[in-house]
Structure formats: C-alpha cells, structure tokens
Amino acid sequence: MKFVDPGIIYDFPPPGGDFAEYGASICAVSRDLNPQLLYSAYMQGVFPWFSEDDGEPVVWHSTDPRFVLFPAEFHVPKSLSKFLKHCPYTFTMDRCFRTVMEECRKMKRPGQDGTWIGDMMIDAYTKFHEDGFAHSFEAWKDGKLAGGFYGVLMGSVFCGESMFTIEPDSSKSAFAVFMKAFIDCGGIIVDSQSYTDNMARYGARNISRDAFLRIERSALFQPLEKDLKENFESFAGIYGRGE
C-alpha cells in the first residue's frame, strides 16, 4: 500500500502570513499529519514541529536562517575520528525505523521538558518510511540498539530529524558513517533546520531561507548517484565491526 502520490503536492504558504502572530517561521497550522502532507511539506522546505503532548495542533515551519551542512564542509571531530578507528558498533540502515523514533522520543534534552515526537508523528513518519522517504540509521553493540538517528531523503537532500544515544558516541559514529556514504553518493545538502551544537561540530552553518530554497529546488530533483543503503553498508563494514 502506498501512502504518498508524488503527483500531488499541497501548497504551503510562505511564513509571515496568516500565522505570523504565532511565530516568524510558521507557514500553516493543521489538525492532520499524514504522509501526503509530509511529502508536500518537504518538497517546499517546510517541516512539522509541535508539542502533541500539550495538545497543540500540527504547526508547519520554514525557518530563517536555515542550519545546513554542505558535503564539502563536513569534517569529523578529532575525538570521533580517533574513536572510529576502534569503533565497537555495528551499523545498519532501516533495520528498525519505528524503534529509532521511539528511542528519540525518550531522550532527555537540555532545556526541554518534553518531546515533539508524539504518537501522531511516529505513525506518520513510519508510513513515510514505508513509502521510502524516511530512513533510520542504527548503531548496535552486542546485539542491542546503542544509538541512532532518522531523517528524510528527497532527491539529493537529507533532512535530519532526531537522534538518540544509549552508548557513548553511538549516534555520532552512525552519523559520521552516514555522511561518508551520502557524500560518496553525490549528496548535495543536509538540512538540520535549526542550530544545534552537535551539527555545528561537523561543519554545519546558517544560510538564509531564500538561499536554502534555491539549493533545495534543484537538489530535490537530482537523485543520488548510488544506492544509499548499499553504500552505507559498505562504509559500515569499514568503520564498524560488521555483521
């Protein structure tokens, strides 16, 4: 069963319109969250971010500035590079997408009392994953999930959503392996939406919303040059312990 029809894109208005009073990045507010809306949003540089636990409606954002990572500017921090030489983890892609989202929901984050990842979000992104747009990347140790992250891949654009860590440097290692595979596949840009210290360590930086949308408009229609899963597994064999 397919949840997304690529021929249907619902238009999202630019931020600063009818919902400007609620925030400068807000494009729209809805009661529904489904894969077709997600597809439409990511095709226009828009993403959902709201507190389901607090009873908020679905709030759709397009931030300015946009925090992004360009492949040419990616670098692995020295401590992580050293760690990867003796990495204790096995890495997989799309092994347990829903579980990764559920683990991300459990993560305690500085300055946040709760999480934006509720049941509605998990259900919608899991269906989006089943249609091949959302992906998870996992790190394993002794057969147990040690960390990971998930995001959305559209053309040559990867939109990182959330990560979790149980064992030291697990999600960081998985991300470094992902980036090596993404770059080798001809990936154009990683969208991190808003600033985080973690992504800044890899070389991510702010650009204007307009600049981001210009890059995205072409990159969304440029498929990767190689199969990402096959490439990720190849790099996982180099940096991880292997299956």
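Which residue in β3 is the bridge partner of Ser30? The structure is a predicted model, in which local features need pLDDT of at least 70, side-chain atom pairs count only at pLDDT 80 or more, and totals for chains, interfaces and linings use all residues. Residues are numbered from 1 along each chain as its sequence is written, and side-chain values use heavy atoms, with hydrogens and water left out.

**View 1. Strand β3 and its pairing partners.** Val58 of β3 is the bridge partner of Ser30. Strands are DSSP runs of E with at least two residues, helices are runs of H or I with at least four, and both are numbered from the N terminus; two strands pair if DSSP finds at least two bridges between them. Strand β1 (residues 26-30) runs antiparallel to β3, joined by 4 bridges. Strand β2 (residues 47-48) also pairs with β3 in the antiparallel sense, over 2 bridges, and Phe47 stands opposite His61.

**View 2. The two faces of strand β3.** In β3 (residues 58-61), Val58 and Trp60 on one side and Val59 and His61 on the other are all buried (under 20% relative accessible area; exposed means over 50%, and partly exposed in between, with a 1.4 Å probe and protein chains only).

View 3. Leu228, Asn231, Phe232, Phe235 and Ala236 are the buried residues of α8. They cover an arc of only 140 degrees around the axis (taken from the directions from the helix axis to the C-beta atoms), which puts them on the same side of α8. On the other side, Glu230 and Gly237 are exposed.
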